[in-house]
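Open your viewer and let's take a short walk together.

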Amino acid sequence: MAPPQPQQVNLSPAELSFLRSTLCQAPPVRFDHTKGPKDFRSMRAEYDVLPGANGSARVALEDGTEALVGVKAEVETSQWRPSPDARGSALAPDAEMRDAADDEDAKGKGQNSWIEMSVEIPGFRDDDSLPVFLASMLTESLLASGGLKDRLYINTRFHWKLYIDILLLSPPLSYPLALLSMTTHLALLTSRLPALKSEKDEDPLFDDDWDAAVFLYPKSKASASDDKPPVIVLAMGVGPNIIFDPCMEELAVADSVLAIACANATASSTRARIVSVRTIDPPSHLTPPGVPNSMNSATGGTVPASSAEALTQRELLANSGVWTPPRGGMKRGLISQVVKMVVEEGGVAEEVISALQAIELG
Amino acid sequence: MPITILPPSAPIAAAHLHHDDSDEDMSDDDGLPVQSTTSIVTPGETVTSDPQWMRGHGTYVPADTTTIISTVAGHLHKTNKLLSVQPLRARYTPEIGDLVVGRIVSVQTKKWTVDIAAPMLASLPLSAINLPGGILRRRTAVDELNIRTFFSEGDLLVAEVQSLHGDNTASLHTRSLKYGKLRNGLFTSLTGAGGGILSRRGGVVRSKRQTFTLQTGAGEIDVVLGVNGYIFVSAHKKAGQDEKDVSITSLEQGVSETLYSSQNDDIEPGVAREITRVSTLVKGLVGCGRRVDEDMIVRVYEGAVELEAEEKVMGSSERAGGAKGVVEAVLGRLEMGG
């Protein structure tokens with residue numbers, strides 16, 4: 001197999017400079033002219049696509065990037081013995097009986113290792129950095145958002161083990177984190193577990209009627225306050241502007257990229273809460289700088305004699321039509337501005353979560 | 001509404017796969033299993049084993065048999081007794097004289113290799129470019145050392161296919177003032193639909209003029225339609241603005257000194273906005289399965305500007321479907337208006 005190609009930007013310095021100048025305008029002109037700074041690329045989504053899984057979803061972006069997520073739950077004994085049985089039946093009675101602490105409440109009993117996530121991206125090996133980082137970022141937000149792992153608790157001896165398999169069906173054109181996160185969100189939102197018939201510390205026995213299965217994320221009448229899986233949105237800063245859901249070309253000129261995992265707030269004044277925030281190294285840092293005319297022998301300039309001289313000349317030429325890769329990180333003010341745009345009333349987080357909810361409702 | 005999530009589309013929109021072939025209804029339908037234009041054949045699928053049919057493009061007959069097997073995924077076409085399969089997506093097949101837009105992939109000692117969306121990378125020899133300093137300038141060893149000052153990796157250029165080699169690799173040249181490095185604009189690729197017999201189903205059509213200037217409200221815009229499906233939209237090159245920067249080396253007339261510049265000129269925000277708009281509309285056109293040529297771009301561009309102006313007056317800023325939605329709306333109006 002060919003060695004994995006690093007995610008490299010293959011745009012000329014002149015294009016990068018042009019893209020940046022349009023994105024820095026007020027209001028910004030995006031690569032897709034019809035979109036505003038907070039607009040997401042339109043996508044197509046469906047759920048329950050895999051018959052054998054507890055929950056599944058498929059989301060396709062208009063540029064052809066497509067992700068498929070399957071959620072599969074298995075009953076495991078809590079002593080970390082491999083359970084040969086699949087879900088839905090009583091397990092082998094070799095599990096040690098421990099004195100059962102009569103505790104109905106599953107709160108705080110969940111363990112992080114009960115959720116296992118794997119991300120597969122074509123052209124990348126399992127241990128390449130991109131799939132590993134994506135998986136850890138998605139797991140992190142899922143565990144941080146609260147109640148999920150506690151709901152996997154059955155009794156003192158048994159628990160559900162959740163396998164979340166994420167498959168990107170196309171090569172990663174832009175940074176696929178947001179897409180994978182939305183697909184995972186939809187899959188988890190529609191995942192169901194068989195209803196439990198046994199009580200307390202009996203060997204678990206499940207209702208074999210799939211219609212009686214319970215949702216992994218329980219639904220109540222007031223659906224706005226239900227616990228829902230987190231969703232990650234990407235925001236990038238370019239000049240004074242903030243742009244959500246950047247495409248590949250826009251990422252190539254980003255000053256900084258922020259991945260924000262947000263979930264809906266169950267009880268607070270704002271409509272959404274932030275679960276985790278991470279900065280992502282934008283590919284723009286690796287782009288080759290443009291050569292200004294005054295330093296290019298092919299355009300009548302003179303090539304600087306030393307690299308120090310070249311650096312000085314470049315500094316003087318900043319903000320002209322010459323592409324210079326952005327340096328440095330994200331300003332504090334910008335981060336707070338992004339966070340505010342995400343969590344505010346009618347903000348990005350609320351829009352995304354309710355749009356994904358609308359898919360499920362039909 | 002910042003986000004739109006739609007349910008999956010119905011099994012591939014049949015509208016833009018449908019085209020009227022007059023030859024299609026002439027022949028008798030005996031012995032052919034699949035005849036509808038909406039169904040596709042896949043590579044390796046047996047089209048027919050009846051010996052009366054002849055094989056055309058996209059098909060294959062194994063030795064000692066009369067079975068016709070498809071080699072590509074696409075639609076079956078019949079012309080009298082000739083069977084051919086038109087692929088759904090194909091790469092560009094270079095032909096001599098084509099105007100193409102390409103991107104430098106690698107730099108070698110005496111040539112560049114260029115991605116022109118063909119199955120093989122094309123080559124651009126150092127001897128096939130105009131060197132700065134006039135047409136009569138001789139190529140020297142210094143130029144070979146400075147090869148990266150002309151084009152380096154990632155740079156875009158417009159060139160002409162000069163010759164084809166035995167393995168179908170193309171050799172390019174830029175020995176005209178029309179050709180050379182591209183800057184001041186935006187690149188769009190429509191790969192998979194470009195050129196040749198595929199032109200009926202969206203993509204760039206070979207035409208008399210592959211480059212043209214579009215009049216917009218903010219200023220003039222140059223559009224380069226590469227036959228290979230690569231498109232570059234840029235600010236209009238103004239002639240005679242080179243006097244401001246007199247250099248020591250005496251440059252000949254003919255080759256302007258900004259020929260190999262990788263620095264953008266100052267572009268007015270209005271022009272930059274229109275460039276982005278044209279580039280988005282081109283993508284929308286392909287999304288709708290329309291061909292891309294000068295006439296179409298001009299009509300859709302004018303329609304889109306009109307539409308936006310009207311929306312502004314009406315106060316409804318509801319835009320569904322992005323680029324494709326806008327183009328569909330414009331095309332709908334154009335067809336209604338005649």
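## Stop one: a serine and its contacts

Select B:Ser279: beyond its neighbours within four places in sequence, this serine is in contact with B:Leu186, B:Thr188 and B:Val233. Bear in mind as you look that the model is predicted. Is B:Ser279 buried or exposed? B:Ser279 counts as buried because its relative accessibility is 0%, and the cut-off for buried is under 20%.

## Stop two: a helix in chain B

Next, pick residues 294–314 of chain B, which form helix α4 with its 21 residues. From first C-alpha to last, α4(B) reaches 30 Å, close to the 30 Å expected at 1.5 Å a residue. Colour the buried residues of α4(B), among them B:Met296, B:Val300, B:Gly303 and B:Leu307. Residues three or four places apart point the same way, because an α-helix has 3.6 residues a turn.

## Stop three: two helices in chain A

Move to chain A and show α2 (residues 129–144) with α4 (residues 177–189); their axes are 11 Å apart, at an angle of about 45 degrees. The two helices, α2(A) and α4(A), are therefore oblique to each other, and the crossing is right-handed. Where they meet, show A:Leu134, A:Met137, A:Leu138 and A:Leu142 from α2(A), facing A:Leu177, A:Leu180, A:Ser181 and A:Leu188 from α4(A).

## Last stop: zoom out

Now select the whole of chain A, with 8 helices and 11 strands. Of its 362 residues, 52% count as buried.

Key
Residues are numbered from 1 along each chain as its sequence is written. Chains are lettered from A and ligands numbered from 1 in the order in which they are written. This is a predicted model: local features need pLDDT of at least 70, side-chain atom pairs count only at pLDDT 80 or more; totals for chains, interfaces and linings use all residues. Side-chain values use heavy atoms; hydrogens and water are left out. Helices (H or I, at least four residues) and strands (E, at least two) are DSSP runs, numbered from the N terminus. The expected span of a helix is 1.5 Å times one less than its number of residues. Buried means under 20% relative accessible area, exposed over 50%, partly exposed in between (1.4 Å probe, protein chains only). Contact means heavy atoms within 4.5 Å. Axes are lines fitted to C-alpha atoms, for helices over the stretch in contact, and angles run from 0 to 180 degrees between N-to-C directions. Angles under 35 degrees count as roughly parallel, over 145 as roughly antiparallel, 65 to 115 as roughly perpendicular and the rest as oblique. A crossing is left-handed if the near helix is turned anticlockwise from the far one by less than a right angle, and right-handed if clockwise.
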